[in-house]
Amino acid sequence: MEELDGDPAVTLIPGVNSKKKQMCFDWGPGEMLVCETSFNKKEKSKLVPNCPFIFIIRKDEDVYSQILRKLFNESHGIFVGLQRIEEELTGKSRKAQLVRVSKNYRSVIRACMEEMHQVAIAAKDPASGRQFSSQVSILSAMELIWNLCEILFIEVAPAGPLLLHLLDWVRLHVCEVDSLSADVLGSENPSKHESFWNLVTILVLQGRLDEARQMLSKEADTSPTSAGMCRTLGDLMRTMPILSPGNTQTLTELELKWQHWHEECERHLQDGTFTSSPHLETLCKIMLGDEAALLEQKELLNNWYHFLVTRLLYSHPTVKPMDLHLYAQSSLDLFLGGESSPEPLDNILMAAFEFDIHQVIKECSIALSNWWFVAHLTDLLDHCKLLQSHNLYFGSNMREFLLLEYASGLFAHHSLWQLGVDYFDYCPELGRVSLELHIERIPLNTEQKALKVLRICEQRQMTEQVRSICKILAMKAVRNNRLGSALSWSIRAKDAAFATLVSDRFLMDYCDRGCFSDLDLIDNLGPAMMLSDRLTFLGKYREFHRLYGEKRFVDAASLLLSLMTSQIAPRSFWMTLLTDALPLLEQKQVIFSAEQTYELMRCLEDLTAGRPVRGEPDAQRLQDDDIETTKVEMLRLALARNLARAIIREGSLEGS
């Protein structure tokens with residue numbers, strides 16, 4: 001039967017009292033906005049909220065931490081590298097590479113933890129110091145869990161080496177002994193230091209027997225009465241059989257040697273060898289794996305998993321992975337002794353010892369403050385082929401679901417969203433759709449940022465998003481009266497309607513100023529000119545001016561006439577075109593032929609007679625305008641004169 005999740009804990013927002021005020025909320029990409037509404041049941045006439053505040057609740061506050069941003073940035077490179085591991089790598093080479101990736105992740109966690117620790121120490125504000133210290137604890141727990149998962153699921157250490165890995169795990173995460181050792185050894189007489197025996201005991205509890213022997217030799221040198229006992233216990237420490245990494249002996253041989261050594265320790269204890277020294281006797285009991293003696297050292301062990309590893313070291317050194325959960329559960333029960341209930345960290349570690357990967361991920365998702373840990377750990381375990389059988393009921397697998405959640409959190413940040421793109425890329429089922437939805441919500445504050453977003457969309461052939469972004473940028477450019485930029489964006493968006501709008505603005509600007517702005521852009525439109533009729537007209541009209549400037553009057557006249565007769569030119573611009581024809585009509589050389597002149601006359605009469613062209617009845621306005629009337633008269637006169645000249649010229653050519 002499927003396990004059901006409990007109801008989520010209620011989160012109280014400081015300053016918000018939903019019993020007294022009507023509240024509303026709205027979800028953003030990575031946050032929720034909560035505010036009071038104007039609705040009031042009792043006094044309907046006064047619909048004014050008493051509180052002017054809007055409360056912002058972020059779902060992933062950690063992305064705004066300066067130090068944790070380094071964690072996100074560094075791990076992004078490791079994640080992308082992992083996705084590119086060649087599938088041909090199998091067996092030992094693949095396993096070694098996955099272990100190396102895991103260690104890289106842990107080194108990034110540890111580096112951030114150390115930096116956060118330094119910041120916590122240097123914090124001037126006590127509240128900030130507590131906040132940073134809390135974050136250090138969380139990072140430490142993350143590395144502790146990851147390290148254990150690495151040993152059990154990625155290294156898959158067998159009996160024998162398993163205990164060595166667990167010893168290293170405990171030594172790495174219970175590091176107070178190093179500062180204690182420096183303190184004791186730095187004193188004038190280490191064996192008389194108040195923490196001397198605590199140090200020796202911790203070294204024995206961690207299996208650091210060579211260091212413990214060195215400390216006992218200092219006691220032997222200063223205390224002749226206990227010198228013999230120290231040497232005896234030191235010999236027992238030296239002869240304890242441990243399966244070292246390069247050792248070729250079998251587990252059976254190790255068990256036989258260990259049993260013999262264990263019996264020798266017990267014989268010394270039974271014979272009363274250490275009776276006169278309670279400290280040495282306690283150490284001997286610990287080395288025998290005496291549970292009562294171990295539990296007496298609760299303060300030095302600190303936690304139940306340290307107790308577990310010490311207990312295994314001195315009682316079951318060849319423990320098999322499948323039996324770990326039995327010893328782990330009994331160690332937890334013994335250590336807590338019913339005095340307190342397990343913490344979330346305890347439950348996570350216990351799930352790992354039970355080899356319940358899915359429970360580890362679930363518990364971490366609940367306990368940790370962000371999705372970084374579970375997303376990257378799950379991805380790594382998925383590459384280890386450990387999660388293939390676990391699909392979620394809503395259509396995606398666990399790896400993809402967690403990566404999508406993590407990437408969504410990154411998109412709430414003004415710069416980390418760029419990392420989120422790669423995480424979406426490596427989610428084969430829903431990544432593309434999610435990226436499209438999130439990328440549309442990125443605020444395009446600057447053109448540089450917009451270009452980054454645009455490049456990402458173009459690389460992934462996200463056509464609709466490219467069009468949308470270009471249209472947004474084109475609108476901004478129009479509002480700022482940057483017509484060249486607006487036209488460029490509208491062409492890039494392939495938006496014919498907007499290109500027409502911007503072209504009209506160019507033409508209006510030309511009518512007002514008498515010249516074009518952004519000539520380079522208009523001169524180099526190329527095939528983009530065909531996007532809309534108005535844009536085509538703008539390009540061709542600019543070409544007319546260029547031909548005129550080069551004194552290629554015949555070509556310029558032909559182009560001008562074609563713009564009018566092909567109906568590409570907007571009706572409102574006809575008078576401008578006819579006015580542009582005036583200098584050509586007044587040239588000494590006949591530029592317009594008789595037929596072309598008749599066409600110009602027809603266009604002028606269409607404009608002044610008010611016959612509707614394309615639904616734009618502007619004739620009445622022209623007739624009422626004295627200036628326009630004068631222009632019309634001048635054009636009629638120039639056209640009549642040109643027609644007469646053209647007829648005479650063409651007649652004389654035919655006669656000859």
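Reader: Which backbone oxygen lies 3.0 Å from a polar atom of the side chain of His 306?

Author: The backbone oxygen of Leu 301. Keep in mind that this is a predicted model.

Reader: Where is His 306 found?

Author: In helix H13, residues 304–315.

Reader: Is His 306 buried or exposed?

Author: Buried. Its relative accessible area is 1%, and the buried label applies under 20%.

Reader: What does His 306 touch, leaving out residues up to four places away in sequence?

Author: Val 170, Val 174, Leu 205, Gln 206, Leu 300 and Leu 301. Leu 301 also supplies the backbone oxygen in the polar pairing. Leu 205 belongs to the buried residues of helix H6.

Reader: How many residues of H6 are buried?

Author: Nine of its 10 residues, so H6 (residues 196–205) is mostly covered.

Reader: Which ones are they?

Author: Phe 196, Trp 197, Leu 199, Val 200, Thr 201, Ile 202, Leu 203, Val 204 and Leu 205.

Reader: And what follows H6?

Author: Gly 207 does, and its phi is positive, near 75°.

Reader: Let's step back. How many helices and strands does the protein chain have?

Author: It has 31 helices and three strands.

Reader: What share of the residues counts as buried?

Author: 45% of the 656 residues.

Reader: What about contacts between residues at least 6 apart in sequence: what share joins residues at least 24 apart?

Author: 64% of those contacts in the protein chain.

Reader: Give me an example of a pair that is separated along the chain. What about Glu 143 and Arg 106?

Author: They are 37 residues apart along the chain, and their C-alpha atoms are separated by 6.0 Å. Their side chains make a polar contact at 2.9 Å.

Reader: Where is Glu 143 placed? Buried or exposed?

Author: Glu 143 is in helix H3, residues 126–155. It counts as buried, because its relative accessibility is 1%.

Reader: What else is Glu 143 in contact with?

Author: Besides Arg 106, there are Ile 109, Arg 110, Leu 172 and His 173, leaving aside neighbours within four places in sequence.

Reader: How about Glu 605? Where is its place?

Author: In helix H29, residues 594–609. Glu 605 is partly exposed, with a relative accessible area of 35%.

Reader: How are Glu 605 and Arg 636 separated?

Author: The two are 31 residues apart along the chain, with 9.4 Å between their C-alpha atoms.

Reader: New topic: helix pairs. How do the axes of H21 and H22 cross?

Author: At roughly 160°, coming within 9 Å. H21 covers residues 447–459 and H22 covers residues 463–479. The two helices are therefore roughly antiparallel, since that label applies to angles over 145 degrees. H21 passes H22 in a left-handed crossing.

Reader: Which residues make the contact?

Author: From H21, Ala 450, Val 453, Leu 454, Cys 457 and Glu 458. From H22, Gln 465, Val 466, Ile 469, Cys 470 and Leu 473. They divide into eight nonpolar, one polar and one charged.

Reader: What is the phi of Gln 461, in the loop between H21 and H22?

Author: Positive, about 50°, although Gln 461 is not a glycine. Most residues other than glycine have a negative phi. Gln 461 is exposed, with a relative accessible area of 59%.

Reader: Where does Lys 385 lie, and what is its phi?

Author: Lys 385 lies in the loop between helix H17 (372–383) and helix H18 (398–410). Its phi is positive, near 65°. At 52% relative accessibility, Lys 385 counts as exposed.

Reader: How do the axes of H17 and H18 cross?

Author: At roughly 150°, coming within 9 Å. H17 and H18 are therefore roughly antiparallel. H17 passes H18 in a left-handed crossing.

Reader: Which residues meet there?

Author: H17 brings Trp 372, Val 374, Ala 375, His 376, Thr 378, Asp 379 and Asp 382. H18 brings Met 398, Arg 399, Leu 402, Leu 403 and Tyr 406.

Reader: How do they divide into nonpolar, polar and charged?

Author: Seven are nonpolar, two polar and three charged.

Methods. Residues numbered from 1 in each chain as written. Predicted model: local features only at pLDDT ≥ 70, side-chain atom pairs only at ≥ 80, totals over all residues. Heavy atoms only, no water. Helix = DSSP H or I, 4+ residues; strand = E, 2+ residues; numbered from the N terminus. Buried < 20%, exposed > 50% of the residue type's maximum accessible area, 1.4 Å probe, protein only. Contact = heavy atoms within 4.5 Å. Polar contact = N/O pair within 3.5 Å; in protein donor to acceptor, adjacent residues only side chain to side chain. Axes fitted to C-alpha atoms, helices over the stretch in contact; angles between N-to-C directions. Parallel < 35°, antiparallel > 145°, perpendicular 65-115°, else oblique. Left-handed = near helix turned anticlockwise from the far one by under 90°. Nonpolar A, V, L, I, M, F, W, Y, C, P; charged D, E, K, R; others polar.
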